[in-house]
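Here are my notes on this model, for you to read with the structure open.

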Amino acid sequence: MSDELASPDMSLALDAPQNAPLVSEWLLGTSAVLAYHLGKTDTARMIADVSSAEVRLWNTEYDQEGYRVVLVVEPSLYPTYSEPELDLIAEVMRDVMWGSAKQVDTLVARPSIPRLGPDWRRQIKTADGPKPSNQGRKVQLEPGHPVEDQMRFTNEWELGVYRVLRERQAALPDTETIGIMPLGGMRVRGWTFEPDLLITYRGYAGVIEIDGPQHKGHAGRDHSRDRLFLHAGVKYVDRLNVEEVSSRAEVEKFVDGFLARLTR
């Protein structure tokens with residue numbers, strides 16, 4: 001069976017509700033691949049970071065269907081989708097639709113709506129008091145994010161790696177320490193990232209990324225992200241695949257190896 005993504009029927013309106021997921025994935029995927037082949041790698045990466053695309057019929061002038069496309073992106077990435085970047089994405093999407101009597105009339109971006117946690121009132125009301133700082137970034141209010149040492153983590157795997165790093169930190173002499181920054185915002189040219197764990201030690205900076213099942217099929221994107229970290233002065237980047245780890249001892253071995261390579 002082919003893994004190729006099916007194309008929607010371009011003779012029909014693209015905003016039919018039953019076709020929404022297919023149209024979204026096809027438009028984003030085809031546009032990203034086309035941008036990549038045209039040498040527009042930054043645009044391709046921005047399209048790949050879009051969670052979904054909402055396609056709505058906008059007008060039918062001049063025997064053409066004009067569509068309004070709304071790119072849904074994570075709130076932390078939303079500020080990077082400025083008008084110049086959206087113009088570049090729209091240009092590629094117009095090339096994709098060329099020849100089908102369909103057109104992208106307007107393209108905008110909006111942040112995805114976060115899931116509502118049961119204690120959102122308390123979190124909002126205490127947002128100006130002691131709270132997880134994560135390098136001054138806004139507190140994530142979605143449910144299920146563990147908190148420790150006034151810092152937030154995306155999941156229990158990140159917290160587990162952090163705890164091992166903290167133990168290694170505590171074992172060092174008073175004149176030496178390890179800096180551990182979970183989910184700290186990092187701006188590189190054209191992109192804003194939140195490395196799972198940014199580590200500083202003995203004059204070096206390294207990044208640990210925790211890869212869960214959601215990373216399947218994104219090896220190319222992850223490699224490009226790692227390369228940007230290296231270009232930004234990060235000495236070493238390593239990834240822990242949670243599906244290949246079954247014990248704390250394996251996490252400890254990974255952390256020890258990471259620290260050794262970082263300072264080598």
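This is a predicted model: local features need pLDDT of at least 70, side-chain atom pairs count only at pLDDT 80 or more; totals for chains, interfaces and linings use all residues.

The points below start with the helix and then move to the strands.

1. Helix H3 covers residues 83-97, 15 residues in total. From first C-alpha to last, H3 reaches 21 Å. That is close to the 21 Å expected at 1.5 Å a residue.

2. Which residues of H3 are buried? They are Leu86, Ile89, Ala90, Val92, Met93, Val96 and Met97. Seen down the axis of H3, the buried residues fall within an arc of 165°, so they line one face of the helix. The spacing rule behind such a pattern is simple. An α-helix has 3.6 residues a turn, so residues three or four places apart point the same way.

3. Look next at the residue that takes a positive phi just after H3. This is Gly99, with a phi of about 90°.

4. Now the strands. Buried here means under 20% relative accessible area.

5. What does S9 pair with? Strand S6, residues 178-182, pairs with S9 in the antiparallel sense over 5 bridges. Pro182 stands opposite Leu197 of S9. S9 also pairs with strand S10, residues 204-211, in the antiparallel sense over 5 bridges. Here Leu198 has Val207 in S10 as its bridge partner.

6. Finally, the turn. The hairpin of S9 and S10 has 2 residues between the strands. In this hairpin, Arg202 takes a positive phi near 55°.

Note on methods: Residues are numbered from 1 along each chain as its sequence is written. Side-chain values use heavy atoms; hydrogens and water are left out. Helices (H or I, at least four residues) and strands (E, at least two) are DSSP runs, numbered from the N terminus. The expected span of a helix is 1.5 Å times one less than its number of residues. Buried means under 20% relative accessible area, exposed over 50%, partly exposed in between (1.4 Å probe, protein chains only). The arc is that of the directions from the helix axis to the C-beta atoms. Two strands pair if DSSP finds at least two bridges between them.
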